[in-house]
Amino acid sequence: MNKTLIHADAIGRSYAQGEAQVAAIVSATFLLKEQDRIAIIGRSGSGKSTLMHLMAGLDVPTSGTLMWPELGAPDTLLPEQIALVFQAPSLLEPLTVSENVALPLLLANFTGDIAAAVRAALATFHLQELAHKLPEELSGGQMQRVAMARAIVGNPRVILADEPTGQLDQPTGHALLDALLVHLAGTSTALVISTHDPLVAKRMNTIWQMDQGVLKTNVTSIEAV
Ligand SMILES: Nc1ncnc2c1ncn2[C@@H]1O[C@H](COP(=O)(O)OP(=O)(O)OP(=O)(O)O)[C@@H](O)[C@H]1O
Ligand SMILES: [Mg+2]
């Protein structure tokens, strides 16, 4: 039986804009379970990134209830259990690729062989050659793949990847997704990716659509987004 990892009940997120409140998320209700493979599609500005930040516990809903039944209450949420791959570049500039990928393990007081875990994560995305490079020496697509290696290195329960193939040409993007899905096969890790690429979305088991801040979880056909 797959356990529920994230439970959202009518969550919303508004921002103050002068006197007015602008809703980035009007309403989202969903369960995220172990082994889920979910794509979030939707137009630019529809609220995909906002939703993923809420799911990661990086941001707090302004209405509704958000819970992580397996991972702790909001104030005790275990961040090492949820890996978020940001849409924008997020590698730390002074650190090498290997050091960036090692970070989640250091932050989680990992007691195993850090160097071996980093090598394995880099190998998953064919990044061994880049291990000693600095982020400024990488292309945008290479940075995105390094961020993905950093997301898997600690074997999190949830991976949230915000447009992970956005900087990649389509074959490279699909190869990255292949590597990720092979890596996760047989694990209980839940994967959520946001994407504008219908072919990427179709590789997931379930498609959610953000439509002007409203999350639809019963999407059966993909329109161009
Ligand atoms: N910190 C913020 N303050 C004010 N408004 C915000 C903030 N963050 C996001 N928004 C607004 O919330 C809405 C949703 O933004 P979000 O980044 O979640 O969209 P998105 O679906 O990820 O878009 P894209 O496909 O372009 O990445 C947008 O209208 C955006 O301007
Ligand atoms: Mg976004």
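Q: Is A10 buried, partly exposed or exposed?
A: This is a predicted model, and in it A10 counts as partly exposed, at 36% relative accessibility.

Q: Where is A10 found?
A: A10 is found in strand β1, which covers residues 4–17.

Q: What is its phi, for A10?
A: The phi of A10 is positive, at about 50°, although A10 is not a glycine. Most residues other than glycine have a negative phi.

Q: And Q35, what is phi there?
A: Phi of Q35 is near 70°, again a positive value in a residue other than glycine. Q35 sits in the loop between β2 and β3 (37–41). Its relative accessibility is 38%, so Q35 counts as partly exposed.

Q: New topic. How many aromatic pairs does a search of the whole structure find?
A: The search finds one. The rings belong to F30 and W208, with centres 4.8 Å apart and planes at 45°, so the pair is tilted.

Q: Why tilted?
A: Planes under 30 degrees apart would count as stacked and planes over 60 as edge-to-face, with the rest tilted. The planes of F30 and W208 are at 45°, so the pair is tilted.

Q: Which strands do F30 and W208 lie in?
A: F30 lies in strand β2 (residues 20–33) and W208 in strand β8 (residues 206–211), so the pair ties together parts that are 178 residues apart in sequence.

Q: Are those two buried or exposed?
A: F30 is buried, with a relative accessible area of 4%. W208 counts as buried too, at 3% relative accessibility.

Q: What about the largest nonpolar core, which residues touch the most other members?
A: That core has 42 residues, and those touching the most other members are V101, L122, F125, I159, L180, L191 and I193.

Q: Which helix gives the most to this core?
A: Helix α4, residues 140–152, gives the most, with seven residues.

Q: What does L122 touch?
A: Not counting residues up to four places away in sequence, L122 touches V97, S98, V101, L127, Q128, A131 and A149.

Q: What does the second, separate core include?
A: The second core has 28 residues, including L5, I11, L51 and M55. As background, nonpolar side chains tend to be buried together in soluble globular proteins.

Q: On to N100. Where does N100 lie, and is N100 buried or exposed?
A: N100 lies in helix α2 (residues 97–107). N100 is buried, with a relative accessible area of 0%.

Q: What is N100 in contact with?
A: Leaving aside neighbours within four places in sequence, N100 is in contact with L91, L92, L95, P135 and R150. For L92, the backbone nitrogen lies 2.7 Å from a polar atom of the N100 side chain.

Q: Last topic, ligand 1. Which residues come nearest?
A: There are 13 residues around ligand 1, and S44, G45, K48, T50 and Q87 come nearest. Helix α1 (residues 48–55) gives the most to this shell, with three residues.

Q: Which polar backbone atoms lie 2.8 Å or 3.0 Å from an oxygen atom of ligand 1?
A: A polar backbone atom of G45 is 2.8 Å from an oxygen atom of the ligand. For G47, a polar backbone atom is 3.0 Å from an oxygen atom of ligand 1.

Q: What lies 3.4 Å from a nitrogen atom of ligand 1?
A: A polar side-chain atom of Y15 does.

Q: How much of ligand 1 does the protein cover?
A: On its own, ligand 1 has 640 Å² of accessible area, and the protein covers 61% of that.

Conventions:
Residues are numbered from 1 along each chain as its sequence is written. Chains are lettered from A and ligands numbered from 1 in the order in which they are written. This is a predicted model: local features need pLDDT of at least 70, side-chain atom pairs count only at pLDDT 80 or more; totals for chains, interfaces and linings use all residues. Side-chain values use heavy atoms; hydrogens and water are left out. Rings of Phe, Tyr and Trp (its six-membered ring) pair if their centres lie within 6.5 Å; planes under 30 degrees apart count as stacked, over 60 as edge-to-face and the rest as tilted. Helices (H or I, at least four residues) and strands (E, at least two) are DSSP runs, numbered from the N terminus. Buried means under 20% relative accessible area, exposed over 50%, partly exposed in between (1.4 Å probe, protein chains only). A nonpolar core is a set of buried Ala, Val, Leu, Ile, Met, Phe, Trp, Tyr and Cys residues joined through side-chain atoms within 4.5 Å. Contact means heavy atoms within 4.5 Å. A residue is near a molecule or strand if one of its heavy atoms lies within 4 Å of it. A polar contact is a pair of N or O atoms within 3.5 Å; within protein, one must be able to donate a hydrogen and the other to accept it, and residues adjacent in sequence count only if both atoms are side-chain atoms. Accessible areas come from the Shrake-Rupley method with a 1.4 Å probe; for residues, only the protein chains shown count as cover.
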